[in-house]
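This report goes through one structure by topic. Please look at the sequence and the 3D view before reading on.

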2 protein chains.
Amino acid sequence: MCTKDNQSFWVTKKGPIARHYSTPQKTQQVYLIDEKSGEESQAINRVNKYTNRSYTCGELNTNHIGESVVLCGWLEYQRMNRFVVLRDSYGETQMLVGDKDIETQNVLAKVPYESILEVKGTVLARPKDMVNKKQATGEIEVLVDKLKVVNESKDNLPFNIREFQKAKEPLRMQYRYLDLRFPQMQHNLRTRSKFLMKMREFLVNNHFVDVETPTLFKATPGGAQEFVVPSRHPGLFFSLVQSPQQFKQMLMGGALDRYFQIARCYRDEGSRPDRQPEFTQLDIELSFTDVEGVLKLVEEMLGFAWPDHLATIPMKFDRMTYDYAMENYGNDHPDTRLGFRIKNCTNVISSNKKLVTGDKFAAHYIMFPKEYANLSKQIKETVTSLSKNYPKAKLVQSKVASTKEWTNKISKLLTHQVAAEFVIESKMQDESVLFLAYGDKKEVLALLGKIRLEYANFLENLGISIRQKGMHFTWITDFPLFEISEETGTLQSAHHPFSAPNPEDIQWLKSDPLKVRALAYDLVLNGNEIAGGSIRIHDPSLQRTILDILQIDGSTLEHMLEMLSCGCPPHGGVALGLDRLLSIMLNTVSIRDVIAFPKNFEGRDPLSGAPSPISEKDMKLYHIRSTDKAKK
Amino acid sequence: MCTKDNQSFWVTKKGPIARHYSTPQKTQQVYLIDEKSGEESQAINRVNKYTNRSYTCGELNTNHIGESVVLCGWLEYQRMNRFVVLRDSYGETQMLVGDKDIETQNVLAKVPYESILEVKGTVLARPKDMVNKKQATGEIEVLVDKLKVVNESKDNLPFNIREFQKAKEPLRMQYRYLDLRFPQMQHNLRTRSKFLMKMREFLVNNHFVDVETPTLFKATPGGAQEFVVPSRHPGLFFSLVQSPQQFKQMLMGGALDRYFQIARCYRDEGSRPDRQPEFTQLDIELSFTDVEGVLKLVEEMLGFAWPDHLATIPMKFDRMTYDYAMENYGNDHPDTRLGFRIKNCTNVISSNKKLVTGDKFAAHYIMFPKEYANLSKQIKETVTSLSKNYPKAKLVQSKVASTKEWTNKISKLLTHQVAAEFVIESKMQDESVLFLAYGDKKEVLALLGKIRLEYANFLENLGISIRQKGMHFTWITDFPLFEISEETGTLQSAHHPFSAPNPEDIQWLKSDPLKVRALAYDLVLNGNEIAGGSIRIHDPSLQRTILDILQIDGSTLEHMLEMLSCGCPPHGGVALGLDRLLSIMLNTVSIRDVIAFPKNFEGRDPLSGAPSPISEKDMKLYHIRSTDKAKK
């Protein structure tokens, strides 16, 4: 009976065996070189140093049989007050309470799951028919000598620590310390730590210097909304930096010529989904470099640091210009996992003069062949509703039964000749799905860019895999220096006011600024911008000209202009958004899954409920008053 | 003539030769293990990768003779438009312009010092009589083939980049990018980066996980003044964290059982000297540990990470209890470089009942022998003025001509018998200096603690070295759990409300709380607290008791209490103040010298002038109004 129960315990599917630890069971020694202390015993795994345990719960195997051990961890599961699974961050170990050890059995009868236990015991081989090959410690069990309840958990936790009973996100966030016990969150945060360390290692090996720069600074003109911090000086506020941009440039002026920092940055973007008010970027800057230098650096760094247990990434990343991306993907962060690009048919369509509107007229299309053709009512409606955001683009969406039928149907709109020419030009095949848009070029491309992704998502939700697997990196280069602000209709920096114009285009700075390309680049991974940077302006008079064009008051940036005048080397750099990058790397649903304590979608801290009211004393100290009362 | 000038140039004492680069000239390869890319040529020094130079200015030697090279850097110095010193972050190289190269000479005639040059040239051996052995590149010079002025500096910089013309601190801070060009600042920041990396390496090798925690959080009750950050939610504010304390404890509850972070922390301490509103601490926490575990971890980590080029530090640090430190040094951060301790003479002095005041009466003294005896009017006045802050302590300061004379002089005050006994007890010798204080024990010790340091500083200012050299680490243990707030007269945490009481003393928690010791410890280096930590409370009911004793409203810490109730392992940790530690390690005048961009003593940013007024738009967005106008 006992044996049977014991056995059934080990094979239960809903039991602890269903957990999978993706953290390595054998905690390897990471790039260790020299340790000054020669005293240390190599017999002790470093993961147990400075603790009261002799082993983790993921470590014991047949080599340890007969050994007396101390393990600490969470009570994961128990049966009959005799068969206990102890869990810690590294795995699980089966404990066995002797059938005559009534005292321990009585303790186990009362102690709730998730309580903290310390167990002294002896390692035994499991009977052969009870060996669990899938479990790192599956060949042994520990006969309990002494079991101590170190900290009792309460009886009903807000949710169970079981994969198959996973709670909804708001609850997970409110009790993040419970959520972090899940192997997936453990894996995410441990991978993050290792990946960051490998990038540091690469950069330090290449003589980059880790410099911490302030976060309490002056407002930067013309960027994202910055949080403000009232000071003890009446009426005066700090701003929380949106990036270390100015500081890293000043380091270049200060001859710290290879800089990096894993920097906390702040942007108050209200409730944009998948954004965090504070986020982390790997910030890099170096002197005497150029676009090629920075791109190569990032490629080599990511290649070096990319986790071994994930798919390898290419040595060199694809590149395309901003114009090419806009023309072929309808946006500047193309999802290149998706093979189907937007194609130009302006020549064909514009031969019907009636369709041509304005001098920015263009016609483009995207077509999916038979194996990906599914124009259900649902996706049609989604696309129609999408298209309403682009009033200057006209859209045709068709499931092509046959090219002949399509030509006939569309003749009214395009003329028969144009339709026939389009069929030839586009190499249209029967049973394909077509999205054709014409009108204002910008809106046409933007619309088709959106449809392309929406359609792919629609197919993938149906289980039809249209995107390639793996990590698809693409550099986007030759960004425009300026763009027209949608809000004000005036010129603004496409990147930021410190990015250098392409020397070939400086001639147009004043006459045709929108034509000027910047020495700016973004890195796109699987359709998401994960890094951006530029070569910066090092010439103070050029910087002044750019600020003038942007109508930015130079006095707010006097320290930067002065720095450029005091012998500043040419320099450039890049910033990688680590939360986004890790989220894609680890294929998580949200960036919140790679952040230990994220804010929720309202920008609040789900643990403490912050933000909160502050005291009258604080209001006085900082010379402020709230103009509206807090809502209950 | 030319040769002579050339030679005299190399020996000038005020010239560039006077500069010393403490950064290594041969840029070594730091703990590199595996690099996935096998392509890289080992011939290129990594410090030049991704740049347009082929060598740094600190790199060329006789091995490179005949080689065609490209160097970039600052124009450090030039003579006769022909002899040029180019400087970068790694050293200096002598350039020689051919006597017929009039074009380059004309350029040099006009270009200001500190302009950025790019030089192509050929490496030549220097004539034997011009070799400079003190300079890393002193055996070669570079014959200029092409010299390009990449970015011209303005003519009159706010100050020169010359050691012997060093500017005052406010100017150095305002033009920090110029100040950073000095070898000392370069050395400080580069050492900081390396030291931090070595500590990371140690921690990662010991399976600690680097976890980033939020800085926008809820106000912590009963700590330092925290900066507030208004939010878009009316009347609600974030607080900038003063430490990641609560988050690291929640990580322990979340089974991230070995955590570290080099964390930005914020405290608004107004204008306390040598404090920064934002500072960096190395934050460490681990589960299933105890005091010994944490202390050993810190000792081994510092031993591993301590820069090789500095004096070695001991494998184990001295320890003393808080009570011992207070009794022998008059404070809890004893300067143990100074051998002379405070001694107790209460027994002797209290035999004269007239002197005894109150039940906390004590008498202590500190005595300096002949070789350190100098009781000038100046120090006497300083000490007298010091003593006024301790009205409950009476002070005797004497230069003892002879014990006999002293006994006679002091008899009136002490009685002859007490004086004579004191001479014997203290082993007083002729010509020593004595500071004797009696009265309220706390004030007596505090006063003598101050005098001890003041007197040592006074001697050292006279050039008399009384402190031992090197790094003197001491652990202070057994801190009291509570203390009486000077402000309110009520009980407050000596450390913070999460520190665990010593189990032996829990019995006194309610009856005699001041008697309860905490499992808390500080690390003191050369008389400065550089780290502090404790074993934390893991039992929710004990935590609630402590909050009750402190009269802290538990609802502000509900998330912590809840976390402790959900199965929290015993845990503890430590935080090291990196700015302070580096400042002592590098022997700088101020912690500002180990921070790239420090705030000034008013808490302002000297570069940008922040804090600054903000816009009406921002005020509206954050539902606040300034109650006072900014001063002009």
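## A helix and what follows

In this predicted model, helix H16 of chain B is followed by B:Asn587, whose phi is positive, near 55°. Helices here are DSSP runs of H or I with at least four residues, strands are runs of E with at least two, and both are numbered from the N terminus.

Helix H16 of chain B covers residues 578-585, and seven of its eight residues are buried, so the helix is largely enclosed by the rest of the structure. Buried means under 20% relative accessible area, exposed means over 50%, and partly exposed lies in between, with a 1.4 Å probe and protein chains only. The buried residues of this helix are B:Leu578, B:Asp579, B:Leu581, B:Leu582, B:Ser583, B:Ile584 and B:Met585.

## How the model is described

Residues are numbered from 1 along each chain as its sequence is written, and chains are lettered from A and ligands numbered from 1 in the order in which they are written.

## Confidence

The scores of the model are ipTM 0.92 and pTM 0.92. For chain A the average pLDDT, the predictor's confidence in each residue from 0 to 100, is 91, and 92% of the residues score at least 70. Over residues 1-42 of chain A, pLDDT stays under 50, and the model has 92 contacts beyond four places in sequence for this stretch. A contact means heavy atoms within 4.5 Å.

## Two copies

The same surface serves both copies, as 100% of the contact residues of chain B recur in chain A.

## Cysteines

How many disulfides does a search of the whole structure find over all chains? The search finds zero, where a disulfide is a pair of cysteine sulfur atoms within 2.5 Å. A:Cys57 is in no disulfide, and the nearest cysteine sulfur, that of A:Cys72, is 7.9 Å away. A:Cys57 is buried, with a relative accessible area of 0%.

In chain B, the sulfur of B:Cys566 is 9.5 Å from the closest cysteine sulfur, in B:Cys568, which is too far for a bond. B:Cys566 is buried, with a relative accessible area of 0%.

## Salt bridges

Over all chains, 73 salt bridges are found. A salt bridge is a side-chain nitrogen of Lys or Arg within 4 Å of a carboxyl oxygen of Asp or Glu. One of them joins A:Lys49 and B:Glu300, with the closest N and O atoms 2.7 Å apart. This pair crosses between chains, from the loop between helix H1 (2-11) and strand E1 (68-79) of chain A to helix H7 (residues 291-305) of chain B. A:Lys49 and B:Glu300 are both buried.

Another salt bridge links B:Arg536 with B:Glu285, the closest N and O atoms being 2.7 Å apart. The two residues are 251 residues apart: B:Arg536 is in the loop between strand E21 (528-535) and helix H14 (540-549), and B:Glu285 is in strand E11 (residues 278-287). Both are buried. In chain A, salt bridges that share partners join A:Glu76, A:Arg87, A:Glu114 and A:Arg181 into one network.

Note on methods. Predicted model: local features only at pLDDT ≥ 70, side-chain atom pairs only at ≥ 80, totals over all residues. Heavy atoms only, no water.
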